[in-house]
Amino acid sequence: MAKRKVLYVCHGHPRIRPGGAEAYALELYEAMRDSRHFEPLLLARTGKPHSNIDRYHEGTLLTGVDGDPNQYFLYTDYSEFDWFLGTTRNKEVIIRHFADFLAAHRPDIVHFQHTLFIGYEAIRAVRNILPESPIIYTLHEFLPICHRQGQMLRVGSEEPCSEESPRRCHECFPDIAPQEFFIRKRFIQEQLSLVDLFLAPSRFLRDRYVDWGIPIEKIVVEDYGRLPVPERAEPEDRPDRNRLAFFGQLSHYKGVNVLLEAMKRLVERGVDAQLSVHGANLELQPQDFVDDFQSLLAATEDNVTLAGAYAAEDLPALLARTDFVVVPSIWWENSPLVIQEAFLHRRPVICSDIGGMAEKVTDGIDGLHFRARDPDSLAATIERAVGTPGLWETLRDGIEGAHAMDEHVERLSGLYEELLERRRDERAQGNVPAPDVAASAPAG
């Protein structure tokens, strides 16, 4: 029997725009190529400013990737993306270029990894052009729920937000009327209602979306699958386990300044803890954050090293010099890939005690929790971690690893089969969803 086609749609490609969801989407595509039942396609968004060109071929926004006949780039204009509604103002992207791609390849299943910079309308395009093809959507974060870049943090207090409403959203964005937030939610939910099944990499994220209005029976909790590491980073043989590392974007939301504040307190107390900061994009951050970051670096120069950007292939060598990985994000997070990477190399994690971080790291078993956004709590936790004999070994022995990619592919394949069988039953009963042209983006 011929393989069924599954199309993965993502908002970026690791070759152009490094990121956790992008890296996972490519790994999943590559792993699915070994499937006996499914042939994967990958369509990844690119374009300025992440690429230095806005199209590769005149007359089309599509091109191939590195000679792979099943990988494609879709060029869209960043400046044309409406962040409030999550749509593209250039409707040709969807109604012509994306639609032509769907009609040409006719995938049996469409699995959205993201619609950022593409538009939620892409979901409706799939339903219109391929009414018999099931649609799956992986929920990587909270952008549909929260206009503040999906961070779910209250403006001003920076408190994590666990409840949205037009009134509460208006409090964070007083220049946007509550009625507009009502329209935003209704529009996004109408597009997402066309999805047959959502995947949530954590129970915490699932519960937030259920609270927001997605039926719980439409969401399956399934963590990211990870490929086995070719070679585990064996720890250096040292008497002290006092080397910490941060991996990620140098941003306010990732809590790197909270970590530097904690290191400053440890320096003042004479605690011997060494931190390496691995990350990039500081130049893209607000100036007040940059100023604080630079000031904290200067105050901790004897104990903190700014190592800068890193490539995925550098990680084993970097972790070989690392005892604890610190994940100090101030927002909920979901299922941070950095935690999985640390566990793949059997490194305990020190993380904030909220959201997907607290779910993925078990306090006292494979890592340690501290109070989110609290540098004093983090400093005390680090002091305990580096100063307690035998604790590093105990936590390291408690690490079970990460969700294996081969198990993940088997699980997804089973879900794909179930959805296809359900669609066959609907077709036999004459209940296949009809093309739906309603609920286009609100005017303006």
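## Basis of the description

A residue is called buried under 20% relative accessible area, exposed over 50% and partly exposed in between, with a 1.4 Å probe and protein chains only. The model is predicted, so local features need pLDDT of at least 70 and side-chain atom pairs count only at pLDDT 80 or more, whereas totals for chains, interfaces and linings use all residues. Residues are numbered from 1 along each chain as its sequence is written, and side-chain values use heavy atoms, with hydrogens and water left out.

## Aromatic pairs

The structure holds 20 aromatic pairs. Rings of Phe, Tyr and Trp (its six-membered ring) pair if their centres lie within 6.5 Å; planes under 30 degrees apart are stacked, over 60 edge-to-face and the rest tilted. The pair of Tyr78 and Phe117 is tilted because the ring planes stand at 40°, with the centres 5.1 Å apart. Distant parts of the chain are linked by this pair, 39 residues apart: Tyr78 is in the loop between strand E4 (68–75) and strand E5 (81–82), and Phe117 is in the loop between strand E7 (109–112) and helix H3 (121–129). Helices (H or I, at least four residues) and strands (E, at least two) are DSSP runs, numbered from the N terminus. Tyr78 is partly exposed, at 33% relative accessibility, whereas Phe117 is buried at 3%.

Phe142 and Trp331 form an edge-to-face pair, with 6.1 Å between centres and 90° between the planes. Here the partners are 189 residues apart: Phe142 belongs to the loop between strand E8 (135–138) and helix H4 (166–172), and Trp331 to the loop between strand E14 (324–327) and helix H10 (337–344). Phe142 is buried, at 0% relative accessible area, and Trp331 is buried at 8%. Ring pairs join Phe142 and Trp331 with Phe204, Tyr209, Trp212 and Trp332 in a cluster.

## Charges over rings

A charge sits over a ring if NZ of Lys or CZ of Arg is within 6 Å of the ring centre and within 35 degrees of the ring normal. The charged end of Arg184 is placed in this way over Phe84, 5.9 Å from the ring centre. Arg241 lies over the face of Trp392, 4.1 Å from the centre of the ring.

## Helix H10

Seven of the eight residues of H10 are buried, and the helix is mostly covered. The buried residues are Leu337, Val338, Ile339, Gln340, Ala342, Phe343 and Leu344. Their cover includes helix H1 (20–32), strand E11 (243–247), E14, strand E15 (349–352) and helix H11 (355–360), where contact means heavy atoms within 4.5 Å. Just after H10, Arg346 has a positive phi of about 55°.
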